[in-house]
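Biologist: I would like to learn how to read a structure like this one. Shall we take it feature by feature?

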Amino acid sequence: MPATKTLSECAEDAIETAIDEAADDDPVVLWWDDGGYLRDIVESVSHSLGCEFLAAEQTPLELRGDAPRDRTVWYVPHPHRDDVDWFKDVENTGGIVEAHIGKLAARCFENDRIQAASIRTAYEDADEGDREQVAKTLFQELNGEGGLPTLQGLQTKIVLDGHDDPVQFVLEHGTENLPDDPDDRLKIRDLLVDEGVTAVEGVTDEESLVTRTRRWAVAEWLVEVGLDASLLDAEYRPEPSSGLGISRPELQSLLSKVDTERAEELAHVYLDPDARFWHDVLRTDDDPWELADCPVDASLEHELWDEWIRCFNGGEYGTCAARASKRHQRLETTYGDVPWTQVWEQAVEVANLAHELATWEDCGDTTDVVDLYGDVDDGTWQIDNAVFNLIISGAPEHDLPEEHPATATLDDLRTSLTESRYLDYLSDLGDLVADQIESGSPFVGDNYAHQFFDQEQEHLQSGQSVALFIVDALRFDLAHELAEAVRRELPRLEVDETAWVGTLPSDTEFGKAALTPGSKFSFNIELDDGELVPERNGREITNYQREKLLKDDGWSYIMQSEAHESGWGATRVAYYWNDLDTAGEEELTDFEALFSDRIDEITRIISEKLGNNGFDRAYILADHGFVSLPQSVDIDDIYPPDGAEKVTRRWVAGSELDDDAPGVLLDENAHLGYLDDDTTIRALADPIQRFRNQGLPDARFYHGGVLPQEFVLNFVTITQE
């Protein structure tokens, strides 16, 4: 039965009755409140009835200090004492109300006074700490806001410290907040049975109460997503839905309401290996992925992972990626960013990379490496991106319980892909580049980086405001990440990506020299006293000369440095950012993560400058890319040929290099358009080879060879729509 009155209405009835029954026309009504939780209510009602209100702060005797002249309510936040005779005149001429919040709350249920007595005794029998919670519950529920509760609903909240759903209370809190009083636990059990949890009938101990309730709730969710209910014990089979309104499993309802922190805690309850609620049933299921939408029960999680591994080993990478994505989405929606979620997120990366490595030769014409690698939509640059993302995602299985099968399998998958199959791919790709260069005129029809200022002259000399962001060592995949980030940050801009061929050998001094004002015919690379040098208009391009050429051509020249940040107000700005190359050359520990941080930083800079300065057009350019090898690889140090005048780790130069020397020969027959007739270069295409040179060769980051990761570049053009 629902309540018929609020606490305020009952308080008003009590005071009015006391006034009507008093002998005096303007009586004093003395209200004794054991616990003192009704003060605000009694004061408000007193004023609404036209009565003065006085409250005893320390002792009831305080109220005798000022004799009342009109109707007055004296409020005493203490129990009535028979040995106090200070108020005999009030008892004779006025009125007495002896009601604490529990007694007044019972009066709110006029139609069920006998059963409502339990509310009064719940308050009176509670110890000091629990009594305050009972009072708080009664006050909140019987204030009339949002309607009045039923007696059973109020009794439930009293037993559960303000919670109104016994099932969700036990599912969330377990034994943690169950009452110590055995009688209260029996009340909770009976409430659970009333809610349909028949599995707890007859249970008396708290561990069994919690375990059976949770097992029942997991079973309910499994049946919801498709488990045959007949496989369950009879007492755990959920009752059929009434079909009225929207209903969903109790656990699903609970997990949709809790905050992120609490959801993470509950992940450890319902996915912990010790919480194998239906292990015997799930381990015999022919296809556990039919139940993958259920995010509870460690046994299901383990069966899903084992089946996923079998699918992966069978080469069904597309299926693996789709399944891992589905499971990741379900767990993320349910629990947020927890280890179980992170493992499935990485499983998507693993499956995608395996698919890319298995199918890359089908992506395009393998005789045109620029098109094969540099196609913005389908190029094999995506393999480098997948490897990069997989490495920076770390080892999420380390945060899982040891019993989870991913702890024994995921690392082997990562290692196999990034340290074996990826290396095979790089080697095969190097062979393709070598074949294409040796066939003569290898990159006909492609955009050459040294032709940028000539090819884009119409836009660069148009009088519009233009910004150049020249990013050192911006590999194709990282440039794509930048382009995507600019699209997100500045959606009003149009962002296009185009493959360009960088300068060989792909070192900084040649790549940046190529991106210097001048016609395409004025750029040249030649040997000068054994040194390979880049030239524009017959003059060697040094950092000073590059800056001078840009300024003479009307550009504001800005280096990445706080001391040189002025100049952004100019119409044409050239900004140089070198942190990527610095990270690769000098900060090799965990440099994938460092690269990720630097991409975030250059994204911020570009978005800020474009957003604040409103350039009509901007370009993101690269001087060269780089190759990132696996963490564990044996490098093959080879001797440079006798005719080499200039020797580096990845290329050698000379005027007369032996045709049998290691590497791919770059000379006038390659028709690159910028090599002097007397200059020949041998650039390595094998990813694990290095020419022996002074200093230790880096085993993870390099440039200077002829793998497409180094010289096929992604130039990004940004314009106002």
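Biologist: Is E608 buried or exposed, or something in between?

Modeller: This is a predicted model, so every value here is computed from it. Buried means under 20% relative accessible area and exposed means over 50%. E608 has 34% relative accessibility, so it counts as partly exposed. R604 is partly exposed too, with a relative accessible area of 41%.

Biologist: Which residue meets the side chain of E608 in a salt bridge?

Modeller: R604 does, at 3.1 Å from N to O. Both sit in helix α26, residues 591-613. They are four residues apart, so about one helical turn separates them. The pair also belongs to a network of salt bridges that links E601, R604, E608 and K609.

Biologist: How many salt bridges does the structure hold?

Modeller: The structure holds 27. Another of them joins E124 and R120, with the closest N and O atoms 2.9 Å apart. These two are four residues apart in helix α5 (residues 113-125), so about one helical turn lies between them. E124 is partly exposed at 32% relative accessible area, and R120 is partly exposed at 34%. D280 and R283 form a salt bridge as well, at 3.7 Å from N to O. Both D280 and R283 are exposed.

Biologist: On to strands. What should I know about side chains in a regular strand?

Modeller: They alternate between the two faces of the sheet. For a case, take strand β9, residues 531-536. Five of its six residues are buried, so β9 is largely enclosed by the rest of the structure. L532 lies in this strand. L532 is buried, with a relative accessible area of 1%. L532 and V652 are 120 residues apart in sequence, yet 9.4 Å apart in space, C-alpha to C-alpha.

Biologist: Which strands are joined to β9 by bridges?

Modeller: Strand β8 (residues 523-528) runs antiparallel to β9, with six bridges. E526 stands opposite V533 there. Strand β10 (residues 539-540) is also antiparallel to β9, with two bridges. In that pairing R536 has R539 as its bridge partner.

Biologist: Which residues take a positive phi in these hairpins?

Modeller: In the hairpin of β8 and β9, D529 takes a positive phi near 55 degrees. In the hairpin of β9 and β10, N537 does, also near 55 degrees. Each hairpin has two residues between its strands.

Biologist: In what order do the seven strands of the open sheet run?

Modeller: The order is β5-β7-β22-β13-β6-β12-β11, with mixed pairing. β5 (447-448) and β11 (556-559) stand at the edges. Each has a single partner strand, so one side of each is left without a neighbour in the sheet. Within the sheet, β13 (residues 617-622) and β22 (residues 712-720) run antiparallel and are joined by four bridges. Y619 stands opposite T717 in β22.

Terms used. Residues are numbered from 1 along each chain as its sequence is written. This is a predicted model: local features need pLDDT of at least 70, side-chain atom pairs count only at pLDDT 80 or more; totals for chains, interfaces and linings use all residues. Side-chain values use heavy atoms; hydrogens and water are left out. Two strands pair if DSSP finds at least two bridges between them. Buried means under 20% relative accessible area, exposed over 50%, partly exposed in between (1.4 Å probe, protein chains only). A salt bridge is a side-chain nitrogen of Lys or Arg within 4 Å of a carboxyl oxygen of Asp or Glu.
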